[in-house]
Amino acid sequence: MNGFFVIDKPAGVTSHDIVSKVRRAINQKKVGHTGTLDPFATGVLPVAVGEGTKAIQFLDESEKEYRAVLRLGIATDTQDLTGEVISEREWSHLTADDLERLIPQFLGLQKQLPPMFSAIKQGGVPLYKLARKGIEVEREVREVEIHSLTFEWIRLPEACFTVRCSRGTYVRTLACDIGEALGCGAHLLELRRTRSGLFREADAISIETLAEAADQQALLMPLDRALDHLKRLALTEAGGKKVLNGVVPQAHDFIEPPGEFSQGEQVRLYLGERFAAVAEYDKLKGLRLARVFN
């Protein structure tokens, strides 16, 4: 099998655990995931199998969407319910309107300080390993973008919000920052990813569904569909054979003139209905084969 399963990750397991479970469910070794979710988080986890593992680098996961529940008045060291309480402050003077009024402040480009309990490495060591030893180090502030932020319900001291954001955004940190802006602190009680690029909650399946399916192939997102954001170009039979042998196609190897490419543009190459390769354009070196798929 070659492609992607959109797994609905349950709470309490790591993303690596899910990869192991998929391996066992389909009896296939070549499996990997993209877009790590925290153990307490649930939702969309794209899992590549077979040739799909070669395609991870070409995915467009620049935009993600999450649904989360925050709790005001309590801050934790992990910024979620799994951590130790580091402060408790009064929240009862706040209203739903106070939260709603904050929304414009958190839209657009934001400076975000990654949490210590994260997989970001410093000196080759993941920050969470240092944090577990009680060590806190300086981190570089990152620029992220919040495209939309809406509160689904507010029942103080808890509130549920949906956020659409750029890759690399920590929703735990967003909740913490909202709490600090209100002067009472906050942490996450729940976090669910509902979209990662073109992988959506509506397409997600449980590990149990995958393991019990009579036709697992039918649950697989085809390799080229996962790269649907890349332009599709058709090769002649001779051009296709070249590409499958690792030879860069020339203009006459395309059924129709490919036109102009922009710097760094990636395209999908096809021999008939067969997805053959991803090519990338460099203005100095021309078109090159970034990856050929078997």
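Two strands are said to pair if DSSP finds at least two bridges between them, and strands (E, at least two residues) and helices (H or I, at least four residues) are DSSP runs numbered from the N terminus. This is a predicted model, in which local features need pLDDT of at least 70, side-chain atom pairs count only at pLDDT 80 or more, and totals for chains, interfaces and linings use all residues. Residues are numbered from 1 along each chain as its sequence is written, and side-chain values use heavy atoms, with hydrogens and water left out.

View 1. Strand β17, residues 274-282, pairs with β18 in the antiparallel sense over 6 bridges. Within this view, valine 278 stands opposite arginine 291, which belongs to β18.

**View 2. The open sheet of 4 strands.** The strands follow the order β15-β16-β17-β18, and their pairing is mixed. At the edges are β15 (231-235) and β18 (286-292), each of which pairs on one side only. From one strand to the next, the twist averages 35 degrees.

**View 3. Helix α7 against the sheet.** Helix α7, made of residues 237-244, lies across β15, β16 (266-271), β17 and β18. The helix runs at about 115 degrees to β16, where axes are lines fitted to C-alpha atoms, for helices over the stretch in contact (heavy atoms within 4.5 Å), and angles run from 0 to 180 degrees between N-to-C directions.

**View 4. The chain around these details.** The chain has 7 helices and 18 strands, and its C-alpha atoms fill a box of roughly 70 × 45 × 40 Å, taken along the principal axes.
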